[in-house]
Amino acid sequence: MEPIKVFELSKEYLESLREAIELTDIDFIKQSFDGVNEADIAALLDELNMQEALYVLRLLEAEVAADILIELDEDSLTRVIYEMEPSELAAYIDQMDSDDAVDILNLLTVREREDVISHLQEKEKSAHILDLLRYDEDSAGGLMAKEFIKANKNWNVIQTIEEIRRQAEKVEKIYSIYVVDNKQHLLGRVSLKKIILASSDTKIADIYEPELISVPTHLDEEEVAEIMRRYDLESIPVVNAKNKLVGRITVDDILDVIREQSEEDMQAMTGISADVEESDSIFRISKARLPWLLIGVIGGLMGAKIIGFFEDGLSKYIALASFIPLVAATGGNVGIQSSSLVVQTLASKSVFDDTPWQRFIKGLLIALLNGVVLGLFVFAVVKFIYGFEAIFGFTIGLAMFCVVLLASFMGTVTPLVLNRFGVNPAIASGPFITTANDLIGLAVYFGVAMLLLNL
């Protein structure tokens, strides 16, 4: 096996490649890509314009070009496939696993999709793709590939090895050999080691392992990811309602699911309302960011209104204004910390997790402890370092205690409520909690000041 060439994308190489494309220097392009991983070539093509990327793809072997297409960024992939004729795209899809092929076809309209499928050379691949298109993209059925190795329990070792050789031509990676009966019901799995060590006439029924984790076609992709993570699986079989083996999901597909979910949660927590990337258009990125930014601005305006209500009190105690940023920032930080912990727990659910009520009590106790410590600290600083009166220091300290308590309450309860109603709890973090706690913090701050300072 030839070692994979370590590839480093640089501006100098990119310029050399563009020059080679302009001069149609085919030898330079092919030699520079020889032995380079498809993911690295895909990253390079993302930097080229449409015509340059297509030119390079068409120079490469169909199998290599197909692997590169799979690795392309979704936006780049969409632009590329829409520039191809149906027959050209079909030639690449013929080289892919069925699950990767379906991922690409789902980027097309129904009519375009059917046109591409009609040009496929492999009828079995066409049938696999049509079968997979029936499933929801976010389900186990939408994730699975139809290419896998299976063995009938009645076969002997010789028959099984022959079948493995035949089936393996269409399977890129062999993780498990699944065992089925005459009606294709999933019975278990058998390892290659057992097959190799067994005598030629040994029946698969005598050496297979019946203990096997499988998932139904309708199971949500996030639940599939959690099962594979929990049991450290490289692949998992997929069965239909009658427990018939219909496909398998491999670890590379699950890594994509985990990455996408992490990106969605991160964007939700930072107040971005759509799936965007840095390479997207200015208008698209602005559109995704504006909703929560507007909510933040509205929250700020409401905060200014709250401060306006206490304008007379501020004129008596000008120093109150100095501590407004402290109260607002602390409330926001406490709220984000509380919500982030709850969101993290909800993302990795376990039957041993606390109930919502237990989470609330625990969060309240944590808030009480933090509030007492922070309140006393602020009181001490205001009284003994800044030199204010004891009543003023006590006011700021008590306000801090109340703000920590309420912010923790908001940060704990809001994700739980959103999760209860089927809304992504990650949106509770970031701008939502920060804005809400700014308003609550200001109201509490001035409310305490009114009571204790007779504003």
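Residues are numbered from 1 along each chain as its sequence is written. Because the model is predicted, local features need pLDDT of at least 70 and side-chain atom pairs count only at pLDDT 80 or more, while totals for chains, interfaces and linings use all residues.

The chain has 21 helices and 6 strands; these are DSSP runs numbered from the N terminus, with helices (H or I) of at least four residues and strands (E) of at least two. Of its 455 residues, 43% count as buried, where buried means under 20% relative accessible area with a 1.4 Å probe, protein chains only.

An open sheet of mixed pairing is formed by 3 strands in the order S4-S5-S6. Two strands pair if DSSP finds at least two bridges between them. The edge strands, S4 (215-216) and S6 (245-250), each pair on one side only. S4 and S5 (residues 235-239) run in the parallel sense over 2 bridges, and here Val215 stands opposite Val238.

S5 and S6, by contrast, pair in the antiparallel sense over 5 bridges, with Val239 opposite Leu245. In their hairpin, 5 residues lie between the strands, and Asn243 takes a positive phi near 65 degrees. Because 6 of the 6 residues of S6 are buried, this strand is largely enclosed by the rest of the structure.

Key
Heavy atoms only, no water. Buried < 20%, exposed > 50% of the residue type's maximum accessible area, 1.4 Å probe, protein only.
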